[in-house]
Protein chains: 2
Amino acid sequence: MTGQDTGAQPRPVAIDTMGGDHAPEEVVAGAVAAFREHGVRLLLVGPAPRIRAELDAHGVGGEIPVVHAEEALAMDEGALASWRKPRSTVAVACHLIKTGRASALVSAGTTAGVVATSRLRLKAQQGVMRPAIAVTLPTRPRPTVLLDSGATADVKAESLVQFAALGTAYAQVALGVERPRVGLLSIGAEPAKGNKVVRRAHELLASGQQGVEFAGNVEGDDLLTGKVDVVVTDGFTGNVALKTMEGAVRMAMAELSAAIRSSAPAKAGALLQRRRLRELRERLDSETYGGGVLLGLNGTVVIAHGASNARAVASACVLAHDLAAGRIVERIRDQIAATRTSRFGRRHAADKGDRDRGDRDTGPQPEQPPAPPDAGQ
Amino acid sequence: MTGQDTGAQPRPVAIDTMGGDHAPEEVVAGAVAAFREHGVRLLLVGPAPRIRAELDAHGVGGEIPVVHAEEALAMDEGALASWRKPRSTVAVACHLIKTGRASALVSAGTTAGVVATSRLRLKAQQGVMRPAIAVTLPTRPRPTVLLDSGATADVKAESLVQFAALGTAYAQVALGVERPRVGLLSIGAEPAKGNKVVRRAHELLASGQQGVEFAGNVEGDDLLTGKVDVVVTDGFTGNVALKTMEGAVRMAMAELSAAIRSSAPAKAGALLQRRRLRELRERLDSETYGGGVLLGLNGTVVIAHGASNARAVASACVLAHDLAAGRIVERIRDQIAATRTSRFGRRHAADKGDRDRGDRDTGPQPEQPPAPPDAGQ
């Protein structure tokens with residue numbers, strides 16, 4: 001059987017307790033908060049004695065199950081190394097999803113390692129050519145979904161169309177947007193702007209046959225205006241844009257602090273603004289809004305920022321729970337089936353009917369390394 | 001002969017008086033300021049009676065020559081249309097460069113139109129595969145050069161290596177950096193990070209045979225830290241990054257203004273900070289630092305921001321003059337000759353010797369539309 005639950009209450013969320021700069025203390029503290037404050041069902045994956053001691057310290061020793069796994073993916077570890085660790089916390093958490101014991105995975109581990117391990121062990125879901133990492137940008141009145149922020153650096157136009165489908169499903173489930181408007185990141189509004197892949201993707205999306213609400217091209221300065229609900233791009237451009245945004249906000253704040261400090265009267269006013277400025281920076285800073293969701297695999301994978309504190313981990317756990325409860329994998333399946341981008345897409349859409357009538361449990365896959373992911377080494 | 005001067009005093013800078021949102025008034029005012037305050041020699045290209053009237057109004061009627069051209073490139077006009085206008089102000093200015101009457105061109109017209117027209121009429125300089133637009137980012141203690149910001153959306157790895165050469169020459173001439181450190185924009189520090197083209201470019205640049213000071217990969221959040229002097233990327237990613245940066249800074253400032261307005265005590269302090277905030281925004285805003293320089297053609301082309309006021313136009317004129325005086329085209333030629341990226345690059349480097357001994361005036365080129373530029377339609 002697959003990792004998707006058929007009832008309203010999803011299976012537990014598996015937590016990689018050894019991922020992130022502040023593992024396992026902050027990770028366990030965040031998990032406990034998600035359990036206590038939001039009633040999220042959890043499975044903590046990590047070195048059992050140490051994790052149990054942490055849980056005891058929080059006074060929830062017997063209440064949250066622990067699944068033993070010794071090895072952690074090191075923060076600087078590439079994709080290849082992660083393939084050689086079948087007993088890593090992330091690998092074990094993926095196994096829990098594959099065997100139906102967990103619905104989703106939360107990790108604050110290194111993105112490349114988490115992406116590589118979960119791609120290998122969960123596999124792409126039916127019809128999905130390449131997975132994508134969705135992040136939400138802090139726009140108002142509601143966040144904007146940007147994908148791919150780094151899972152797939154080299155894409156075909158058909159993958160960008162699929163990313164539109166993934167992003168649509170994500171905005172529906174995570175943000176409650178009924179009919180998300182999808183923009184294609186380019187370098188001008190006109191369909192003929194962009195590189196070859198983007199121009200072709202525009203053509204496909206504008207055909208109106210992809211089951212998404214295509215709003216045309218958007219540019220870099222539209223990312224934070226809330227002009228569209230979902231922005232689609234390849235994982236290279238998306239990652240550059242996301243980090244550029246973070247760097248620009250950090251620079252603006254640093255410049256502002258310098259300006260305030262340099263003037264005595266301004267300083268007096270600044271003291272009063274300090275709290276607001278901090279809030280603003282937090283709202284814009286990746287360490288707060290940060291993390292992403294790897295979409296397109298047979299199971300939900302939430303990648304929290306490596307610097308995540310307990311609060312960020314708790315948010316990631318709640319998000320993972322909500323996505324599983326909202327049946328994101330099934331929503332993506334339906335959305336992908338509605339796309340008609342290529343022979344590949346059509347064949348899979350056609351296959352789907354047969355597969356739905358048959359047995360969806362294909363059992364464990366032989367563990368041989370697939371071709372290296374683009375961005376994962 | 002070509003448009004490059006052999007003496008220390010370059011030929012005049014040709015100004016497209018009809019390009020930009022505030023043409024011709026602000027353009028002429030800026031040109032007059034460059035002439036009066038910086039002694040820049042100029043040729044104003046535009047509808048002669050109107051431009052002469054503007055010059056008379058500034059009291060410099062007889063001092064700055066005017067070259068008549070009726071047609072302007074419309075702000076929303078694509079590359080194809082611009083090819084059909086051999087008498088546009090930009091086309092005429094290019095002709096002045098080709099015939100040796102001007103050293104450089106300044107236009108605040110639409111980037112796509114200026115790029116397409118000048119590519120067609122000036123041609124790529126010897127050995128240069130694709131031109132690139134260099135912009136400077138407001139880092140401290142000195143600006144960072146980013147290229148390509150939008151001339152060439154689809155590139156080969158060899159073009160990225162050439163962009164490193166173009167950027168090196170530009171940082172040397174425009175910023176006086178003797179040995180500029182060049183970073184390759186990617187999505188991680190490791191050589192294996194990035195898309196296929198970037199990974200290959202890293203390999204070529206890291207070989208140490210390219211005559212540039214390669215400092216490895218940089219990421220989006222390094223763009224504003226001054227970590228390197230030159231950041232190399234394709235025109236698609238560069239344009240997205242540049243606009244993302246502008247959008248993020250604009251959002252940070254808007255958020256800050258909102259925070260300040262929402263609190264009475266903060267407001268009092270804010271009044272005192274207003275001037276500093278405005279300065280900060282200006283320093284970060286493209287309309288001030290903005291504009292770019294199209295590198296790699298047989299002549300210097302400075303593309304000022306479409307919203308340029310007189311001050312921005314004056315800066316662009318001074319920059320164009322300085323680049324011509326610094327013999328940027330020759331510097332690029334030498335830098336390109338030092339790259340060894342491909343059979344193509346080697347062949348051209350070998351050709352160079354012969355060409356230097358021969359006649360460099362190849363006369364006017366037949367005016368047939370070349371293949372459309374990637375980003376230019």
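Predicted model: local features only at pLDDT ≥ 70, side-chain atom pairs only at ≥ 80, totals over all residues.
Let us start with chain A, where eleven strands form an open sheet with mixed pairing. Their order is 3-2-1-4-11-10-5-6-9-7-8. Which strands lie at the edges? They are strand 3 (66-68) and strand 8 (213-218) of chain A, each of which pairs on one side only. On average, neighbouring strands of this sheet are turned by 25° against each other, with direction ignored.

As a general point, strands of a sheet pair through backbone hydrogen bonds, and the pairing is either parallel or antiparallel. In chain A, strand 6 (residues 144-147) and strand 9 (residues 230-232) run parallel and are joined by three bridges.

**A closer look at B:Ala314**

In chain B, helix 11 (residues 310-325) contains B:Ala314. Is B:Ala314 buried or exposed? Its relative accessibility is 9%, and buried means under 20%, so B:Ala314 counts as buried. Beyond its neighbours within four places in sequence, B:Ala314 is in contact with B:Gly30, B:Ala33 and B:Ala34. B:Val28 lies 286 residues away from B:Ala314 along the chain, yet their C-alpha atoms are separated by 9.2 Å.

**Helix 5 of chain B**

How far should helix 5 (residues 111-122) of chain B span? At 1.5 Å a residue, its twelve residues should span 16 Å, and the end C-alpha atoms are 16 Å apart, so the two values agree. This helix is mostly covered, with ten of its twelve residues buried. Among them are B:Val114, B:Val115, B:Leu120 and B:Arg121. After the helix comes B:Lys123, with a positive phi near 65°.

**The nonpolar core**

The largest nonpolar core has 214 residues. Which of them touch the most other members? They are A:Leu44, B:Leu44 and B:Leu147. Not counting residues up to four places away in sequence, B:Leu147 touches several residues, including B:Ile133, B:Phe163, B:Leu166, B:Val231 and B:Leu295.

Technical notes. Residues numbered from 1 in each chain as written. Chains lettered and ligands numbered in written order. Heavy atoms only, no water. Core = buried A, V, L, I, M, F, W, Y, C linked by side-chain atoms within 4.5 Å. Buried < 20%, exposed > 50% of the residue type's maximum accessible area, 1.4 Å probe, protein only. Contact = heavy atoms within 4.5 Å. Helix = DSSP H or I, 4+ residues; strand = E, 2+ residues; numbered from the N terminus. Expected span 1.5 Å × (residues − 1). Pairing = 2+ DSSP bridges. Axes fitted to C-alpha atoms, helices over the stretch in contact; angles between N-to-C directions.
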